[in-house]
Amino acid sequence: MKVLINGCSYTHQRVCKKEQQTWGDALQHYKPDWQIDNLAIGAAGNRFIFETSIEYLERNKPDLVCIMWSGTGRKDVNITDEQYSRMCNEQKNKEFRYTG
């Protein structure tokens, strides 16, 4: 069975400690014979989740689609790689904290 899953950090695939696994990790564990394509990225908003899911579905025909939508208060903002890098560097500065 081919499955698409998408969402924010609650869905994003992790390769770390078992207690930090997401529902996407658990699904793959309990259904190892399923081909699961996980598009989720931490901090993703609903626009990103929607757009990446539609792009995927235009090219692929999964048997099942599972989407865990983000909170309605989360907003997507398009930024360049340079802006992202700068923001990450500024996170280390105690005077600047991104709270998303």
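A salt bridge is counted here when a side-chain nitrogen of Lys or Arg lies within 4 Å of a carboxyl oxygen of Asp or Glu. With that in hand, welcome to this predicted model, where local features need pLDDT of at least 70, side-chain atom pairs count only at pLDDT 80 or more, and totals for chains, interfaces and linings use all residues. Residues are numbered from 1 along each chain as its sequence is written, and side-chain values use heavy atoms, leaving out hydrogens and water.

Searching the whole structure turns up one salt bridge. R47 pairs with E51, and their closest N and O atoms are 4.0 Å apart. Both residues sit in helix α2, four residues apart, or about one turn of the helix. R47 is partly exposed at 38% relative accessibility, and E51 is partly exposed at 40%; buried means under 20% relative accessible area, exposed over 50%, and partly exposed in between (1.4 Å probe, protein chains only). Side chains of opposite charge can pair when their charged atoms come close.

## Overall layout

The protein chain has three helices and three strands, arranged along the sequence as β-α-β-α-β-α. These elements are DSSP runs numbered from the N terminus: helices are H or I with at least four residues, strands are E with at least two.

Of the 100 residues in the protein chain, 24% are buried. Among contacts (heavy atoms within 4.5 Å) with a separation of 6 or more, 67% join residues 24 or more positions apart.

## Nonpolar core

The largest nonpolar core has five residues: V3, I5, L27, W34 and I36. Such a core is a set of buried Ala, Val, Leu, Ile, Met, Phe, Trp, Tyr and Cys residues joined through side-chain atoms within 4.5 Å. Leaving aside residues up to four places away in sequence, L27 touches I5, W34 and I36.

## Surface and cysteines

The accessible surface of the protein chain is about 7600 Å², with 52% belonging to carbon and sulfur atoms (Shrake-Rupley method, 1.4 Å probe; for residues, only the protein chains shown count as cover). F50, I54 and W69 make a nonpolar surface patch of about 300 Å². For patches, residues need over 30% relative accessible area and no salt bridge, with nonpolar side chains (Val, Leu, Ile, Met, Phe, Trp, Tyr) joined within 5 Å and like charges within 9 Å. I54 belongs to helix α2 (residues 46-59) and is partly exposed, at 34% relative accessible area.

The structure holds zero disulfides (pairs of cysteine sulfur atoms within 2.5 Å). C8 is buried at 4% relative accessibility, whereas C66 is partly exposed at 21%.
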